[in-house]
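Work through the exercises below with the sequence and the structure at hand. Each task is followed by a solution in steps.

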Amino acid sequence: MLNRLLQPPLRLKGRDVTLRLPQPSDFSDWANLRIQSRAFLEPWEPAWPNPPFSRREFTKTVRRQIGEARAKKSYTFFILSPDETLMGGITLSNIRYGVCQNGEIGYWMGEPFAGKGYMHDAIDTLCEFGFGRLRLHRIQAACIPGNERSERLLKKAGFEREGLLRSYLLIGGAWRDHHLYARLSGEDGGLGTL
């Protein structure tokens with residue numbers, strides 16, 4: 001049944017990245033990159049489980065993510081380099097329609113690939129998908145105050161800061177405030193028209 005759900009895998013092509021739904025066969029690449037980047041990622045993420053990685057849990061998570069994508073509720077993608085190396089991940093989640101037509105993005109990049117423009121490309125590619133194929137009106141992102149790298153990235157990608165979400169997400173075991181950023185359909189993210 002899982003193989004039927006995986007075919008054909010959804011792929012989105014950016015300038016220098018490809019976004020692809022995770023597959024169970026990605027476990028080793030994912031685990032290695034996460035372990036290698038742990039100190040870089042931990043300050044900005046929920047507390048990591050102990051032990052942090054299990055092939056079984058990864059496969060269960062992939063199955064759930066594929067089901068959410070089929071239901072058009074959430075899309076989790078791996079970010080791949082031109083040679084198909086796993087560099088990070090990006091998610092468009094909490095998708096709502098009706099009078100809202102909204103989604104939220106979250107992302108992570110492995111330390112060896114950070115600061116090279118790949119995440120900006122991934123965000124623009126995901127926004128094109130969200131505004132185009134999914135017909136969303138608004139895409140939001142939340143960022144911990146003080147995460148200057150992420151705030152610069154969002155601004156460069158055409159997101160505007162709208163306010164402060166108090167005690168918004170449980171990060172590293174503590175409820176943390178986040179700045180709310182948003183980009184609207186039709187707004188230029190730095191790559192031309194959508």
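**Exercise 1.** Determine how strand 6 and strand 8 run relative to each other and how many bridges join them.

Solution. The model is a predicted one. Step 1: locate strand 6 at residues 138–143 and strand 8 at residues 174–184. Step 2: the two run antiparallel, joined by six bridges.

**Exercise 2.** Classify the ring pair of Trp-30 and Phe-58, and then the ring pair of Tyr-75 and Phe-129.

Solution. Step 1: the structure has seven aromatic pairs in total. Step 2: for Trp-30 and Phe-58, the centres are 4.8 Å apart and the planes make an angle of 35°, so this pair is tilted. Step 3: Trp-30 belongs to helix 2 (residues 27–36) and Phe-58 to helix 4 (residues 55–70), so the pair links distant parts of the chain, 28 residues apart. Both Trp-30 and Phe-58 are buried. Step 4: Tyr-75 and Phe-129 have 5.0 Å between centres and 80° between planes, an edge-to-face pair. Step 5: because Tyr-75 is in strand 3 (residues 75–80) and Phe-129 in helix 5 (residues 118–131), this pair ties together parts 54 residues apart in sequence. Tyr-75 and Phe-129 are both buried. Step 6: ring pairs also join Trp-30 and Phe-58 with Phe-27 and Phe-78 in a cluster.

**Exercise 3.** Find which residues touch the most other members of the largest nonpolar core, and which element supplies its largest share.

Solution. Step 1: this core has 48 residues, and Phe-77, Ile-123 and Phe-159 touch the most other members. Step 2: several elements each supply at least two core residues, including helix 2, helix 4, strand 3 and helix 6 (148–156). Step 3: helix 5 gives the largest share, seven residues. Step 4: leaving aside neighbours within four places in sequence, the contacts of Phe-77 include Leu-10, Leu-21, Ile-90, Leu-126 and Phe-129.

**Exercise 4.** State where the charged end of Arg-34 sits.

Solution. The charged end of Arg-34 lies over the ring of Trp-108, 4.6 Å from the ring centre.

Notes: Residues numbered from 1 in each chain as written. Predicted model: local features only at pLDDT ≥ 70, side-chain atom pairs only at ≥ 80, totals over all residues. Heavy atoms only, no water. Pairing = 2+ DSSP bridges. Helix = DSSP H or I, 4+ residues; strand = E, 2+ residues; numbered from the N terminus. Phe/Tyr/Trp six-rings, centres within 6.5 Å; stacked < 30°, edge-to-face > 60°. Buried < 20%, exposed > 50% of the residue type's maximum accessible area, 1.4 Å probe, protein only. Lys NZ or Arg CZ within 6 Å of the ring centre and 35° of its normal. Core = buried A, V, L, I, M, F, W, Y, C linked by side-chain atoms within 4.5 Å. Contact = heavy atoms within 4.5 Å.
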